[in-house]
There are 2 protein chains.
Amino acid sequence: MSQVYDRVALIGLGLIASSMFWAIKRAGLAGEVTGYARSAETREIARKIGLCDRVCDSAQEAAKGADLVVLCVPVGAMGAVAADIVPVLKPGATVSDVGSVKRHVIEAVSPHIPDGVHFIPAHPLAGTEHSGPESGFAELFDNRWNLLVPVKGSDPDAVARLRALWEGMGANVDEMDADHHDLVLAVTSHAPHLIAYTMVGVADDLRRVTDSEVIKYSAAGFRDFTRIAASDPTMWRDVFLTNKDATLEILGRFTEELFALQRAIRTGDGEQLFDYFTRTRAIRRGIIDAGQDTDAPDFGRGKTTS
Amino acid sequence: MSQVYDRVALIGLGLIASSMFWAIKRAGLAGEVTGYARSAETREIARKIGLCDRVCDSAQEAAKGADLVVLCVPVGAMGAVAADIVPVLKPGATVSDVGSVKRHVIEAVSPHIPDGVHFIPAHPLAGTEHSGPESGFAELFDNRWNLLVPVKGSDPDAVARLRALWEGMGANVDEMDADHHDLVLAVTSHAPHLIAYTMVGVADDLRRVTDSEVIKYSAAGFRDFTRIAASDPTMWRDVFLTNKDATLEILGRFTEELFALQRAIRTGDGEQLFDYFTRTRAIRRGIIDAGQDTDAPDFGRGKTTS
């Protein structure tokens, strides 16, 4: 793979940024990668583990002279970080991000972008329940989707170049408009996360079932929810606050359906339950056929935890 | 490991029974294991793959002369199967089951058990999203919990022997009363399953987001729900119909909490969301420390699906 950018700057050094660094290095996609994190401790760790060619002590220092600056901070911090770095951006540079919400990021960042700089929002649909500079790995984006959400008047060459970077990191790339993105993600990610957080919270609250029982007997299904509910709290707070409308709409649909199934349980309508549970099996099959999950029982973890 | 029973009969040959067979063989826990499944096709497959030492064409034939008969059928079918086999049970034999609900199974099976036969309900907290005679494997119960739910007046020697069998198959064994079991399982298994089924159904229903989008972009969290929602529909229909009260109670608690979090989203209360999401992380830590799940990111599947 050949070099796509001379200099890439990663602002924020968590799971996504650290995975980007290792994936860029794996394929030789950039000449130099600079990095910045707000926390001195994170910068210290990054220097120790060789994360980024150069770890800088300010966002401006990292962004100065970069051909691509990627904002890898929680969605609620994007606007302030963009405002901070614009004075040092070089003409023709591209600013992108990796936020899980796109309409809000566009509204927060766009006003700061000067003429002659390209802003191309993006969202890699990849992650794990771990966070921080040590959680990244080069394979995170392999065969995962990255959604580019070009704003009105985006330069086609700049979009093509960003696409080449992501493809070089192993991702498949699609383009989508911001509102549709936020709705799709409310379904495939934001609502499921809130539901998982809620179920884990309920278990923790219940006085007649002890925490140790919940933990010991979690293999019956619950532990899958706890993985999702272990995701980064700051990131997810921001997601819900900034994708409010779509998330609340999907949660409303969810509650409606849940009430219908609760009613079927209460009235003993086994046929309705059976039909519903049969239909949902097909979706799983589709996900496996599309290469988006493993067919191994229990995600293949059965043998690793025994 | 030495032999615990001369003859074990498995009635129903799905995921749990087939895993029991391989686990019993791995440790040499029984002299002969007979098996029966209602479907001729399942019996045919069992014979072909060597599942059970002897596959019988009736439940009575399989149960006749057995020291232990394990009912491995959906919870709703337990009573009828018990009624069918009692005439051939030998004095001193033990009848057990593997159903996910215990109060209902006790009420359905106990009246059929003759004097001189021991009935010891049990529930191994282990499974995968796969079902059928070919889905079993010897390691399924390793380090998983099995809950014994002895009924009033259970013979201590018979309970100890059943415990030895499960420990020989790799499980940890606890005892619990039926009502508490049904409440704990409503939290750790039944409510999470209904919630996962519901979320997958909502995604499938949504006209403005296509099924192919749901499938392509599922890695953002949703795909974990689809694994659970791919579980056996008959088994789960019966679970909800027979553990109605506890499941509805937990779902009521869940809805209450979900509404509180939805309200925090609507009013923009980031602090409440952040605190909630921080608390739920601790439970995950407990599950990993207790050896009930892997700490590998994404259950370790990241590298297998890429």
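Start by selecting chain A and switching to a cartoon view: its secondary structure comes to 12 helices and nine strands. Here helices (H or I, at least four residues) and strands (E, at least two) are DSSP runs, numbered from the N terminus. A bit of housekeeping: this is a predicted model, in which local features need pLDDT of at least 70, side-chain atom pairs count only at pLDDT 80 or more, and totals for chains, interfaces and linings use all residues. Residues are numbered from 1 along each chain as its sequence is written, while chains are lettered from A and ligands numbered from 1 in the order in which they are written.

**The whole of chain A**

For 306 residues, a compact globule would come out near 19 Å, and the 21 Å of chain A agrees with that.

How much of chain A is buried? Buried residues account for 57% of its 306 residues. A residue counts as buried if 20 or more other C-beta atoms lie within 10 Å of its own, exposed if 12 or fewer, and partly exposed in between, with C-beta atoms placed from the backbone.

**Two domains**

Now colour residues 5–176 of chain A as domain 1 and 180–295 as domain 2; the bounds come from an automatic or database domain assignment. Taken over C-alpha atoms, the centres of the two domains are separated by 30 Å. Look at where they touch: 15 residues of domain 1 are in contact with 18 residues of domain 2. "In contact" means that the C-beta atoms of two residues, placed from the backbone, lie within 7 Å. On the domain 1 side of chain A, the touching residues are six nonpolar, six polar and three charged. For these classes, Ala, Val, Leu, Ile, Met, Phe, Trp, Tyr, Cys and Pro count as nonpolar, Asp, Glu, Lys and Arg as charged, and the others, Gly among them, as polar.

**Two loop residues**

Next, select A:Cys52, in the loop between helix 2 (40–49) and strand 3 (54–55) of chain A. Most residues other than glycine have a negative phi. A:Cys52, however, has a positive phi, near 85°. A:Cys52 is buried because it has 27 other C-beta atoms within 10 Å.

Then jump to A:Asn143, in the loop between strand 7 (122–124) and strand 8 (145–148) of chain A. The phi of A:Asn143 is positive as well, near 65°. With 15 other C-beta atoms within 10 Å, A:Asn143 is partly exposed.

**Where the chains meet**

Bring chain B into view. 102 residues of chain A are in contact with 102 residues of chain B. Which helix of chain A supplies the largest share of its side? That is helix 7 of chain A, with 19 residues. By class, the chain A side divides into 50 nonpolar, 28 polar and 24 charged residues.

Now click on B:Arg227, in helix 9 (residues 222–228) of chain B. B:Arg227 is buried, with 23 other C-beta atoms within 10 Å. Leaving aside neighbours within four places in sequence, B:Arg227 is in contact with A:Arg284, A:Phe299 and B:Glu129. B:Arg227 and B:Glu129 are 98 residues apart in sequence, but 6.2 Å apart in space, C-alpha to C-alpha.

**Strands in chain B**

Select strand 4 (residues 68–71) of chain B and show its side chains: B:Leu68 and B:Val70 point one way, B:Val69 and B:Leu71 the other, and all are buried. Two strands pair if DSSP finds at least two bridges between them. Strand 4 of chain B pairs in the parallel sense with strand 1 (residues 5–11) over four bridges, and B:Leu71 is the bridge partner of B:Ile11. Strand 4 of chain B also pairs in the parallel sense with strand 5 (residues 94–97), over four bridges; there, B:Val69 has B:Val95 as its bridge partner.

For the last stop, find the open sheet of three strands in chain B, in the order 7-8-9 with mixed pairing. Its edge strands are strand 7 (122–124) and strand 9 (172–175) of chain B, each pairing on one side only. Strand 7 and strand 8 (residues 145–148) of chain B run antiparallel, joined by three bridges. Finish on B:His123, which stands opposite B:Leu147 in strand 8 of chain B.

Definitions and conventions
The radius of gyration is taken over C-alpha atoms; the globule rule is 2.2 Å times the number of residues to the power 0.38.
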